Amino acid sequence: MTRDLLSPRSWSIAGRLTVLYTALVFVMLVLAMLFLFWSLKSNLEKEDHESLGDEIAVLRLILKEPRGSRISLAQEVQWEQTTGRSGNFYKRVLGAGGRVLMQTVHMGMLLPPGVFPQPPASPDSAPSHRYLFAGHGRVYLLMSARAQVGRGPRVVGLQAALDVSREEAFIANYRDRLLMVLVSGIVLSAAAGYAVARRGLRPLDRITGTVEHITASRLHARMEPARWPRELRALARAFNDMLDRLGDSFARLAQFSADLAHELRTPVNNLMGEAEVALGRARTAEEYRQVLESGLEEYARLARTIDSLLFLARADNAEMHLRRSRFDARRELDAVIEYHDAVAQEQGVELDCQGQATLDADPVLFRRAVSNLLSNALQYTPRGGRVEARLSDLGRTVVVSVRDSGCGIEARHLPHLFQRFYRADPARSNHPDGTGLGLAIVKSIMALHGGEVRIESEPGRGTLVSLDFPSSA
Amino acid sequence: MRILVIEDQAKTAAYLRKGLAEAGFVTDVADNGIDGLRLAGGAGYDLVVLDVMLPGRDGWSVIEDLRRSDCRTPVLVLTARDAVEDRVRGLELGADDYLVKPFAFSELLARVRSLLRRGPAPLVEVLQIADLEIDLRRHRAMRTGRRLDLTPKEFALLSLLARRAGDVLSRTVIAEQVWDMNFDSDTNVVDVAIRRLRRKVDDPFVLKLIHTVRGIGYVLEIRS
């Protein structure tokens with residue numbers, strides 16, 4: 001149960017969509033914010049570096065001047081300066097051994113020389129730098145460099161600092177806002193995503209509503225594919241097709257039950273009648289015997305009907321396992337023809353066989369199917385007629401056909417011939433051995449083999465039934 | 001020969017007992033699996049006819065227990081379902097043969113007899129019934145010394161009837177034994193074949209040997 005809940009398969013579609021939307025929004029927002037944050041921060045830092053670097057360059061220039069301009073150096077260094085945008089600049093000139101020669105007021109207290117980075121050795125190198133977090137929210141950008149004094153060999157150290165606390169506070173504030181936007185964006189997109197998904201899935205609820213109203217007696221309900229979104233139209237159509245097939249099956253089942261009741265009522269009626277009449281008054285042993293014998297014939301027919309129905313039911317439910325093997329179809333066909341030979345000779349019908357083929361099928365069912373066809377053909381072919389069985393290997397299928405020169409069947413009966421208990425000629429329905437299931441069994445056998453049965457007929461000319469067995473399973 | 005019938009349906013049990021008794025077997029009936037198992041376990045029965053659908057404990061468990069207690073009495077199983085799995089299961093558990101309901105009593109009798117006939121039937125080369133003489137080795141049949149002109153299938157049919165002389169053979173058994181058609185079909189092939197055989201074997205002679213048992217099948221025997 002818990003595992004079911006944890007596995008994504010059991011989540012609702014709306015839930016899945018929401019999670020996906022939210023994850024997507026999260027990733028996109030984070031990427032966008034990282035970019036914005038990084039570009040703002042790097043721009044600000046670049047500006048700070050440049051302006052502090054400029055200050056150092058100015059000091060270097062002043063130091064290179066001849067001595068007379070020293071006042072301007074003192075001015076440049078000692079006075080605290082406030083830039084337009086940012087905090088103050090601090091500058092310091094160090095003599096040999098680190099002695100402070102000159103520095104901006106308050107600088108000694110705020111930024112002692114030790115907190116600055118080590119300057120690069122050459123007076124021409126770019127200054128080294130670091131950030132100093134001084135507590136109380138103060139942040140300084142520090143730079144160290146060396147500078148040449150005049151044209152001589154003397155070199156002094158330069159230290160410059162920029163108070164960047166306001167910028168840092170600005171960046172931190174910007175970051176906090178971005179995080180707030182991120183969190184509210186995720187919450188909003190989750191809520192909106194869920195609402196959109198639910199709305200998008202609403203047709204499913206309506207389909208469920210329609211389906212819930214369908215019962216065996218109300219199979220006529222249909223969905224109108226045009227009313228559904230395109231994605232669901234295929235489902236609605238497939239569902240309608242399923243209903244059609246179900247309706248068809250139910251109708252056939254009902255018809256079949258009615259036929260079955262009729263088929264069983266006739267022999268049971270005969271049995272009851274015969275027995276009642278026999279018991280009506282005392283009779284000779286011979287008379288009783290005849291009643292019993294007649295009953296036995298009916299029982300045998302009933303038993304055969306039941307057997308055949310069971311066969312059909314099992315074949316329909318695909319419970320039957322084919323015992324396939326490869327065999328010489330001609331040999332099996334000859335055996336079946338030999339079986340029917342006596343009847344053919346007795347009726348004066350020529351029974352013939354042609355063709356060769358190898359077949360991959362259940363040999364017992366093959367015999368049964370062909371035997372049913374031959375027995376039908378012989379039954380409807382008059383004296384002097386001809387029944388011909390033919391095997392032809394067409395590559396992808398092996399066709400077994402039985403052609404007779406009998407009375408033929410009217411076209412309107414042809415589609416129904418393979419239905420159970422269907423009889424084209426009601427007058428012949430009293431054939432003593434017939435159960436009316438022979439052709440239905442043939443059709444089932446062919447369905448089990450993945451094959452087909454076809455029938456063509458012309459009244460007065462004869463009938464051709466063909467069994468198409470697929471060549472390889 | 002004693003036969004135990006384990007069958008819970010009173011009507012079926014009654015006709016089995018009656019039919020088997022009239023065929024010359026001493027027959028007892030148990031109407032449930034527990035009694036049946038107890039009776040079958042005791043010595044004295046040559047054959048058990050067992051219905052699979054029993055109340056309380058079913059036929060499968062009866063066979064299983066019977067075979068586990070090392071009782072080798074042949075068992076003929078009666079089942080209402082001819083699903084292959086059922087047959088296989090029955091035979092695997094140690095049943096010797098099975099019959100699917102509804103079955104013809106003549107068929108049951110034939111199977112009972114063949115189960116009781118232990119070992120192969122003695123090899124006979126020539127069968128002699130009244131003035132009918134069948135040479136099984138040379139495929140020849142004669143009556144009153146005159147050779148009968150039979151097709152191979154007619155000869156097979158005649159020799160089947162003669163080998164089982166006195167037994168009523170159903171159409172199903174005949175179709176299976178002579179033509180190897182082991183399915184029920186709606187045809188009257190067997191009747192026609194018998195009619196043609198009679199024309200050659202019986203019609204020219206006064207003594208008729210092949211008899212119709214209406215509703216059941218055919219038998220070859222001498223009737224006075």
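The model is predicted. Chain A and chain B bury about 2,800 Å² between them, and six salt bridges are found across their interface. Chain B holds an open sheet of three strands with antiparallel pairing. No disulfides are counted, the total over all chains being zero.

**Interface of chain A and chain B**

- Chain A contributes 33 residues to the contact, and chain B contributes 25 residues.
- Of the area buried between the two chains, about 2,800 Å², carbon and sulfur atoms give 54%.
- The rule for salt bridges finds six across this interface.
- A salt bridge joins the side chains of E346(A) and R195(B), with an N to O distance of 3.6 Å.

**Sheet in chain B**

- The strand order in the open sheet of chain B is 10-12-11, and the pairing is antiparallel.
- Strand 10 (169-170) and strand 11 (210-213) of chain B are the edge strands; each has a single partner strand, so one side of each has no neighbour in the sheet.
- Strand 11 of chain B is linked by four bridges to strand 12 (residues 217-220) of chain B, and these two strands run antiparallel.
- Opposite I210(B) is L220(B), which belongs to strand 12 of chain B.
- Helix 6 (residues 152-163) of chain B packs on the sheet and touches strand 10, strand 11 and strand 12 of chain B. The direction of helix 6 makes about 70° with that of strand 12 of chain B.
- Helix 8 (residues 189-201) of chain B lies across strand 11 and strand 12 of chain B. The angle between helix 8 and strand 11 of chain B is about 150°.

**T22(A)**

- Helix 2 of chain A, made up of residues 13-64, contains T22(A).
- T22(A) has a relative accessible area of 14%, which is under 20%, so T22(A) counts as buried.
- With neighbours within four places in sequence left aside, T22(A) is in contact with I186(A), S189(A) and A190(A).

**Cysteines**

- C71(B) is buried because its relative accessible area, 11%, is under 20%.
- C407(A) has a relative accessible area of 40% and is therefore partly exposed, since this value lies between the 20% and 50% cut-offs.
- The disulfide count over all chains is zero by the rule applied, which asks for a pair of cysteine sulfur atoms within 2.5 Å.

Definitions and conventions. Residues numbered from 1 in each chain as written. Chains lettered and ligands numbered in written order. Predicted model: local features only at pLDDT ≥ 70, side-chain atom pairs only at ≥ 80, totals over all residues. Heavy atoms only, no water. Pairing = 2+ DSSP bridges. Contact = heavy atoms within 4.5 Å. Axes fitted to C-alpha atoms, helices over the stretch in contact; angles between N-to-C directions. Buried < 20%, exposed > 50% of the residue type's maximum accessible area, 1.4 Å probe, protein only. Buried area = accessible area lost by both parts, 1.4 Å probe. Salt bridge = Lys/Arg side-chain N within 4 Å of Asp/Glu carboxyl O.
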